[in-house]
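Here is a short tour of one protein chain, made for reading with the structure open beside you. Let's start with the view below.

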Amino acid sequence: MNTIVNRPVLFGGLALALLFVLLNTVFVVDETKQAVILQLEQPIRTINKYQPGEQFGRNTGAGIKVKVPFIQRVVWVDKRVLDIELENQPVLSTDQLRLEVDAFARFRVVDPLRMVVTAGTERRVADQLQPLFGSALRAELGKRTFASLLTPERTAVMDNIQAGLQRYASQYGVEIVDVRIKQANLPEGSPLQSALNRMATARQQEATTIRANGQKDATVIRAEADARAAQIYAAAFNKDPQFYDFWRAMQSYKTTFLSSDATGETSIILSPDNDYLREFRGQSR
């Protein structure tokens, strides 16, 4: 005790050195972080690495950890889902419409060792993937019409973009979690009006084609119905020619002797033995 009192500067310096070494040895890994240990700038291991299906707070590698001081250092990698934003990306659809598309992709670092070696930080990964995301977006939307983005086909479009981006992202130890198109707009001004005019013309042509096909189908249906009716009448005539002759005569009398207002005031002069009146005589010709 007397030695400490007599030499306070020395022991104070030793205490500070010990504290400094301790601070460079012990570190705390947060649940939202992955820790990559570098030894002489070479990655050797990962602490609290992301595992598919894991839940925060349960059986993770977070907590107090130690490393070799001065020889090893820690690089922190986010364990959460991160975003890549694209705004006003110019895209030319197959129907020659120039679109401005806003989209975003979500990604997670699943191989932090590879990510640290290839990119260094998550921000650099996002910067590397952003132009690749734009290329995949333009390549996929360039195969589609503008109208397809308003239909359930939009889901397949986003899945294809995600698959295309994943092929590039794998080299950085990254998994693309999701891709979404926030909006796809036509540019303002004359390009928009021109696109609307082309769309209106296309819809008018489509409507004309549909009406023409409908009229064609109606003509065919009527012709088939008339032919079927003729077959039915012929079959009925063959079964009972006298009854058929009587029925047709009654229909003719109704049309001839009744006026349009059905008052029965039509005047027709015929001789009693006229063949047209044979059904009134109780016998057929």
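## Helix 5 and its buried face

In this predicted model, the buried residues of helix 5 are V157, M158, I161, Q162, G164, L165 and A169. Looking down the helix axis, you will find them within an arc of 170°, so they line one face of helix 5. These buried residues pack against strand 7 (98–109), helix 4 (122–141) and strand 8 (174–185).

The length of helix 5 is worth a quick check too. It runs over residues 153–169, and those 17 residues should span 24 Å at 1.5 Å a residue; the C-alpha atoms at its ends are 24 Å apart, which agrees.

## Helix 4 and its kink

Helix 4 has 20 residues, and from first C-alpha to last it reaches 27 Å, close to the 28 Å expected at 1.5 Å a residue. Look for a kink of about 30° at L129, shortly before the proline P131.

L129 is also one of the buried residues of helix 4, which include V125, F133, L137 and L141. The buried residues of this helix pack against several elements, among them strand 5 (72–78), strand 6 (82–92), helix 3 (112–118) and helix 5.

## A buried glutamine, Q34

Now turn to strand 2 (residues 33–39), where Q34 lies. Its relative accessibility is 0%, so Q34 counts as buried.

What does the side chain of Q34 reach? One of its polar atoms lies 2.9 Å from the backbone nitrogen of Y50, and the side chain reaches the backbone oxygen of D78 at 3.5 Å. Leaving aside neighbours within four places in sequence, the contacts of Q34 also include I47, W76, V109 and P112.

Technical notes:
Residues numbered from 1 in each chain as written. Predicted model: local features only at pLDDT ≥ 70, side-chain atom pairs only at ≥ 80, totals over all residues. Heavy atoms only, no water. Helix = DSSP H or I, 4+ residues; strand = E, 2+ residues; numbered from the N terminus. Buried < 20%, exposed > 50% of the residue type's maximum accessible area, 1.4 Å probe, protein only. Polar contact = N/O pair within 3.5 Å; in protein donor to acceptor, adjacent residues only side chain to side chain. Contact = heavy atoms within 4.5 Å. Expected span 1.5 Å × (residues − 1). Arc of directions from axis to C-beta. Bend = angle between axes of the 7 residues up to and from the residue.
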